[in-house]
Amino acid sequence: MQIDCPFCGKRDQSEFTYSGDATKKRPDHNDQDPQAWFDYVYQRDNPKGAHQEYWHHTSGCRQFLVVERNTMTHKISSVQAVGDLNKGSAE
Amino acid sequence: MSGYRLTSDTGATPVSFKFNGKTYQGVQGDTLASALLANGVTLVGRSFKYHRPRGIFSAGSEEPNAAVNVVRGDELEPNTLATTLEIYNGLEAKSQNCWPSVDFDVNAINSLLSPIFVAGFYYKTFMGTSNKHWMFFEKHIRKAAGMGEASVTADSSRYEKQNVFCDVLIVGAGPAGISAALTQAATGARVVLADENAQMGGALIGSTQEIAGQDGDGWVREQLEKLKTFDNVKLLPRTTVYGYYDNNTFGAVERVSDHLTTSEAKGKIRQRHLVLKSKKVILATGALERPILFGDNDRPGVMLASAVGKYVKRYGVVPGREIVMFTNNDSIYQEIAELGARNVPIKAVVDLRDTLSDYAAAVKEKYNLRIYHNAAVVRAVGGKALKSVILNNGETLTCDVLGVSGGWTPTIHLQSQQGDKPVYDETICSFLPGMGHQDYVSIGACKGSFDLSACLSEGGLAEVRVEDEPSLNILPVFDIETTKGKKFVDLQHDVKTSDIKLAKQEGFLSVEHLKRYTTLGMANDQGKTANVNALVVMSKERQLPITEVGTTRFRPPYAPVSIGALSGGEYGEHFRPTRRTPMHEWHLDHGAEMINAGAWVRPRVYKKAGETVTDAYIREAAAVRESVGMVDVTSLGKIEVIGPDAPEFLNRVYTNAWLKLPVGKARYGVMLREDGHVFDDGTTWRLEENRFLMTTTTANAANVLTHLEFLLDVIWPELKVKVVSVTEQWAGLAIAGPNSRAVLAKALHDVDMSNEAFPFMAVQDAKLGDIPVKVARLSFSGELAYEVWCPSHYGYAMWDQLYQAGQDFNITPYGTEALGTLRIEKGHISGPELDGRTTVDDLDLGWAWGKKDFVGKPLAGRDGMVDEDRLKLVGLVSKEEKAIRPGSQIVLSNAETTLGVSQGHVTSTTYSPALGKYIALALVKNGRNKIGETVYATYPLKNESQAVEIVKPHFFDPDGSRMHV
Amino acid sequence: MYNEISISPLQGVLNAGHEVSYDAEKSVDLKELAVTSIVQIDCWHGKEADLFAVFKEKLQIEGAMENGSVWKTADFFVMNTSPGSYMAVSYTVGIWDYLKDLISDDIAVMTDLSHSRSVLSVSGAGVLDVLSKGMNIDLDETVFPINHVKQTSIAHMGVTCYRADKDDFKLFVFRGFAQSFYQWLTHSAHDVGYRTS
């Protein structure tokens, strides 16, 4: 599998580390509700088809990427850098 | 059988080789198969199950029979195909799967028992009986099973791997592939053209068919010369592209020196594993001829008709003196024409069809052929060599070669590997590639275009003129009715039509079940000449059209790949990289025995003459507490945390408080995972207001960095913090013991080493000669101790200068064993206690629990995480003066030492020189409330157990006074 | 910069003047480059343009602000190794103080990495052949232009790869891996031949 890193270009999967489900929203840092944390840390859907996930470009630029990958075919339909997504919302 | 060479005057260099101990002559360019045929050799091996005599069936990598052992020095390489092995002077090959010889094979007796050795034999015979029966027969069956014999010596060849990127990858250099290469090269694209053969040209090699006014060889030579003028073209002969993976990625093996003599090959790479990535792919993989099934169709001398043609055209070798051809289609007449052009006589043609096409009629006329119409071969006669064939009309034709053509099977393995479902085509009675998922096209014979003109035009050269050629005109008869003799479908795995019938009878209807139950198509040849005929037999049995029987999916590799090639150059010292500290050579020069800590290499102990590892670490640990020692700690992870929000960030990731840490001070920190378990620990130093240096354990350095990067990149992008790994920037050592201060006071300048000026946990800059150093007063050993760090290139000099300065105090270098002993004596946790299942409270670090929010806090409060009955950190002291084995389970009574309920386990153990006892750290259920109790540490795998006393984990100097002097 | 107390990780390992089947048509030249300073510059979000403006004004940088580009001055060069992150390198001068004055804290932070890398120059006709045995990226000039930098790995070791010219690469690896990396290089260059200087 190859991932087209927005900074580094197309790279082999071995340069990246899978970093979890990107649809899970981490509760606020000061949220005390254990159920919300339980859901964030443990509960996962297992979709057949499109899956949004984080990949860390560990052997390259070390950005985190949000990748939409088809869990059946491994075809990747989109790659975005988290940094770029955040820039949109943060600034 | 008497094969012979057309002319001895070929101009080619003679080559001498050995087969089954006998020396033969061949010529440069021969394969072992063509050379053996030229020498009149018929019998080359014995079949897998029945040990039936077998000869050469094909002229390529689809060969099911002629697999041999090749002797390479001390090594024996099994399962090498004689049909692809290029001979060289000194080649030594032997038949396999036969004993004592291929001529007289004891196991041929299996053939008599063949009614018993049917599909599902093992299952039917041994299922339901006790395991004892199977275990008794297993060793004998194992000895009789298998094909070649594997070598037991290490492979001395050199292999390597390489990555190749291109715009267009073309697999197959027959007419279609070569045309495509020329067309693509002209666009300026980076083109790679690969072919499994040494010679490119495919079916055009040796062909007399006119193409652009030349014969096959002439045209191919001209095109290859043209291709060599492009510097954007890479030609890869002798390269099998074996696997098609996602993103147009391919695996291939290039046989670099397999065809050279032992001395020519010396020092050279033997095989090169290539990973090819291409934007576009053109598959021009051709087609393989398929046989017709009839009685005893496996006799040596029964061959594919096109193989007969290939040996004549490509190698100038005629496989026999009396050749009969058997066909259901017109392609055989093209081969016959090629043979005729070289004056090779054909005794007769047995044609299943009733009429001849114009093309076939012309060939018959020109070469005066005797043709039997509406005729079939029902049985081949002969044991170790073909003697004759029996026709359906009862007539017997003597012959030593029977060339069989049952049509052509497009080679669609690569297409199928990446999920393409093949589509049955009535006009060729075989399967074509279906819809692909990836960016590739199929051209030429592999997509059913068997005409040369179609191949050329699909490759982009439509304008090239070729001489007339026949259409396939196939009659779909592949399986001749007969009651006599065995009809083999899969020659390599000895699977017969009767096995397929049996499978269907027993309910294994699906093609996937058929394959696995009969093992059809599962040998090294992957059923290349068997699969489609098997579907024909199955479809007849099940009375279904062949399209409904289904196909199995091809898996890589297309042809066997050696493990050596897959490993590339990564063996021995190149298996994985080694990470060395700047003091590495010093350690080796001073007797260090090294140990791996991940990629790092660290001193384990510094052995003196006559010492065991245990002697050494006891001496080292004692010396530290007695006077002073030094240990290389360069491998610890170090991360700079920089920015105005750095204190807040540290406050969120560590359990304890960070906002008020003064500049120039260090603090111990504990980090949790999101699920509340302890992740890592270390010390973090505040170098400047907004600059911290975080240390981590060696093992977790990369994980902690990733954890921090994730939090900053994804979760808290609003925090103004940067993290930078500086592990490699700094070389470090710990100097520990009552005289550590004295050594540093002597060696360092620009720093006040007194207790008042340099309190516990302070960090200061200093100079060691000309070397700038950072000194932190931290203690892992529990002694008065300091860490001294310098920029890495100075590391060796720093270490050596301090070692020299410490001579007056008998300074002792110590390794990871003594490092462990010292911290265990103090009850300090490390890797073995941070196993991902422990909490802050379990490890007695409750003092580090902050009031603020931090990563992991919410889930650390779950009932199961705070249960008093959890395993808690305690110390153990041996009551029997025996070493306590790490990993031992704790049980409450002596009666439970072989079978009992575990109360916990031992994590770290050592002999303690300070206490004169064997001690350990352990995690024990409700351990903190069991201080003083005697329990048992048991290790049933080694039948060891002993009584131990539970104590507080801080064995030595529990108030920690020694660090504060 | 190496001397009696500042020691190269390749001391005794890479010896200049060593030749193995050297052929200018297909071999590679291997050389260790002693670095005087390496400074990592990390920009705050959205401040990359400010950093570039500083460089353009003060250093007369040639070149555009493009992913992976390398900017050169007389004494040092700056490699854009990841978004907002730059590695400034000088073979001859110490650039920490100079950069500290130039770049304010609200644009970027800096870390001294001068001792953290071993730098090998690999050049010559065989360079693409050799590097492709361990690097899994396309080295064609259309994909990896001259004066660009790519971070990737070679034989399981991270590498910052700077293409100084068509057949001239400067490879920055962790100091701790220097010897393993050099061993890999010579092992892989065995086929095409090499010489050291």
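Q: How far apart do the C-alpha centres of domain 1 and domain 4 of chain B lie?
A: The model is predicted. Chain B is divided into four parts by the assignment, among them domain 1 (161-288 + 411-458) and domain 4 (868-964). Between the C-alpha centres of these two domains of chain B, the separation is 66 Å.

Q: What radius of gyration does chain B have?
A: The C-alpha trace of chain B spans about 115 × 70 × 55 Å along its principal axes. A compact globule of 965 residues would come out near 30 Å. For chain B the radius of gyration is 38 Å.

Q: How many helices and how many strands does the secondary structure of chain B come to?
A: Count the two kinds of element separately. Strands in chain B number 49. Helices in chain B number 25.

Q: Are helices α21 and α22 of chain B roughly parallel or roughly perpendicular to each other?
A: Helix α21 covers residues 740-747 of chain B, and helix α22 covers residues 795-805 of chain B. They pack with their axes 9 Å apart, at an angle of about 110°. Angles of 65 to 115 degrees count as roughly perpendicular. Therefore α21(B) and α22(B) are roughly perpendicular.

Q: Which residues of α22(B) meet α21(B)?
A: From α21(B) come B:V743, B:K746 and B:A747. The residues of this contact between α21(B) and α22(B) divide into four nonpolar, one polar and one charged. On the α22(B) side the names are B:Q801, B:L802 and B:A805.

Q: Which element gives the largest share of the side of chain C that touches chain B?
A: In this contact, 35 residues of chain C meet 35 residues of chain B. Three elements of chain C each supply at least two residues to its side: β3 (37-43), β7 (108-112) and α4 (178-189). The largest share is six residues, and it comes from α4(C).

Q: Which element gives the largest share of the side of chain C that touches chain A?
A: This contact takes 14 residues from chain C and 15 residues from chain A. On the chain C side, β5 (77-82) and β9 (148-154) each give two or more residues. By class, that side of chain C has three nonpolar, 10 polar and one charged residues. The largest share, four residues, comes from β9(C).

Q: How far apart do the C-alpha centres of domain 1 and domain 2 of chain C lie?
A: The assignment for chain C gives domain 1 (19-34 + 116-196) and domain 2 (37-112). Their contact takes 11 residues from domain 1 of chain C and 10 residues from domain 2 of chain C. The C-alpha centres of the two domains of chain C are separated by 24 Å.

Q: Which element gives the most to the side of domain 1 of chain C that touches domain 2 of chain C?
A: Both β9 and β10 (157-165) of chain C supply at least two residues to that side. The side of domain 1 of chain C divides into four nonpolar, five polar and two charged residues. With four residues, the element that gives the most is β9(C).

Notes: Residues are numbered from 1 along each chain as its sequence is written. Chains are lettered from A and ligands numbered from 1 in the order in which they are written. This is a predicted model: local features need pLDDT of at least 70, side-chain atom pairs count only at pLDDT 80 or more; totals for chains, interfaces and linings use all residues. Axes are lines fitted to C-alpha atoms, for helices over the stretch in contact, and angles run from 0 to 180 degrees between N-to-C directions. Angles under 35 degrees count as roughly parallel, over 145 as roughly antiparallel, 65 to 115 as roughly perpendicular and the rest as oblique. Two residues are in contact if their C-beta atoms, placed from the backbone, lie within 7 Å. Ala, Val, Leu, Ile, Met, Phe, Trp, Tyr, Cys and Pro count as nonpolar, Asp, Glu, Lys and Arg as charged, and the others, Gly among them, as polar. Domain bounds come from an automatic or database domain assignment. The radius of gyration is taken over C-alpha atoms; the globule rule is 2.2 Å times the number of residues to the power 0.38.
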